[in-house]
Amino acid sequence: MLFRVLHKDELSTLFDQLARANTTVGPTESGTDQKGNPIYAFEPVSDFADLRLNYTTTKLPAKRYFLPYQEDLASFRMEGEDWHKNVDYNIYKPCVFFGLHACDINALNKLDKVLMSTVYPMPYYAAKRMNMFIIGIDCQPQPFCFCRSVASDSVTHGFDLFLTDIGDRYFLEVLSATAYNVLKTVKTSEPEEKDHVQYMKVTAERNRKFTAHIDTSDLAKILDMEFQSPVWKEWGDKCLGCGTCANVCPTCYCYGVEETVNVDLRGARKSKTLYSCNVIDFAEVAGGHNFRPERSTRLKYRYYHKHRGFVEAFEESLCVGCGRCGEACLAGITVPEVIASVRGEEQ
Ligand code: SF4
Ligand code: SF4
């Protein structure tokens, strides 16, 4: 990794260079909530003035750009007496993500482990992922962020360039050759000792601001022990089974596949739709049997996938601690509270 410093005035020049030639997605202000606080969303941006780089967490992750809610996998057409299949996942153009927080980059790294695995890679995701140029940016913890508990408050790979605000300049982490070349178009300099000191100072100050946390020590083991705990029924009784938590989660990737035939019976398509394990028919199989008809078993499954199954497979949690699910949940169910109750701690 290389380190550079960039004067803040130069950042718009860097943005313009990238946005001129590529679709560029970044945090924008999409409205205000009932208290008048801004609501942020990842949207395509062509004007640097529309970017809100000091944004707090967006309601939705950037997932829709590389793992859309609905996506066609293949189309079929009858020509003569034969069916012809059309699959094209090389249609994606380069896309710049300008200003992702560390948790959202870590979420991508976790998705890569599943969707770009050598066993069952998903070419549609991989084609988009390979075309991404990612500029990360540091953030200030919100009251619901517990990314530090799951080691997602900082990121060491999965981006091209990472910016940390150190006053009138950004401290840059340069990770890819593309980023190194792009930086030739703007004026950067070698960091001096005072820049290192300032970087460590702002990072330490930020770390002191975290207030939410979960205790992950022995968590996978405790979840195994507490599989029959009555707390799952208590949380399940509160859950509405709406699936919002999976929709807003940057790491939820479960999906269903559907095939539809055109009315002329000469064409068909296969499409994929993201699905939530909290929705009533998630575990329903052909024949009508539902393996998880109760909300409590579905909610429990979601926690076991995130904090037990994924840990066993990859030695890390599938949760990046962004807190979006708790903020969006109409029943007020949050990860820190659920984990604390499973551990028998006061909420
Ligand atoms: S958002 Fe809340 S109520 Fe809806 S499924 Fe998730 S945990 Fe249940
Ligand atoms: S489970 Fe909740 S806190 Fe964890 S990554 Fe998903 S939305 Fe964020």
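G158 counts as partly exposed, at 24% relative accessibility; partly exposed lies between buried, under 20% relative accessible area, and exposed, over 50%, for a 1.4 Å probe and protein chains only. The model is predicted, with local features needing pLDDT of at least 70 and side-chain atom pairs counted only at pLDDT 80 or more, while totals for chains, interfaces and linings use all residues. Residues are numbered from 1 along each chain as its sequence is written, chains are lettered from A and ligands numbered from 1 in the order in which they are written, and side-chain values use heavy atoms, with hydrogens and water left out.

G158 sits in the loop between β7 (132–137) and β8 (161–165). Helices (H or I, at least four residues) and strands (E, at least two) are DSSP runs, numbered from the N terminus. Leaving aside neighbours within four places in sequence, G158 is in contact with I105, N109, R129, I134 and L175, where contact means heavy atoms within 4.5 Å. L175 is 17 residues from G158 along the chain, and the C-alpha atoms of the two are separated by 8.7 Å.

Twelve of the 14 residues of α2 are buried, so the helix is largely enclosed by the rest of the structure.

K110 leads on to L318. L318 lies in the loop between α9 (295–314) and α10 (324–328) and counts as buried, at 1% relative accessibility. Not counting residues up to four places away in sequence, L318 touches K110, T251, Y253, H305, K306 and F310.

Another part of the model is a pair of helices. Two packed helices are described by the angle between their axes and the distance between the axes. Helix α7 (residues 231–238) packs with helix α11 (residues 335–342) at an angle of about 155 degrees, and their axes are 9 Å apart. That makes α7 roughly antiparallel to α11, a term for angles over 145 degrees. From α7, V231, W232 and W235 meet E337, V338, S341 and V342 of α11. By class, this contact has five nonpolar, one polar and one charged residues.

Most residues other than glycine have a negative phi. The phi of D218 is near 60 degrees, a positive value in a residue other than glycine. D218 lies in the loop between α5 (193–207) and α6 (219–225), and is partly exposed, with a relative accessible area of 47%. L265 also has a phi near 60 degrees. Its loop runs between β11 (255–261) and β12 (267–274), and at 60% relative accessibility L265 counts as exposed.

Lastly, T178 belongs to helix α4 (residues 177–182). T178 counts as partly exposed, at 45% relative accessibility. T118 is 60 residues from T178 along the chain, and their C-alpha atoms are separated by 25 Å.

Key: Axes fitted to C-alpha atoms, helices over the stretch in contact; angles between N-to-C directions. Parallel < 35°, antiparallel > 145°, perpendicular 65-115°, else oblique. Nonpolar A, V, L, I, M, F, W, Y, C, P; charged D, E, K, R; others polar.
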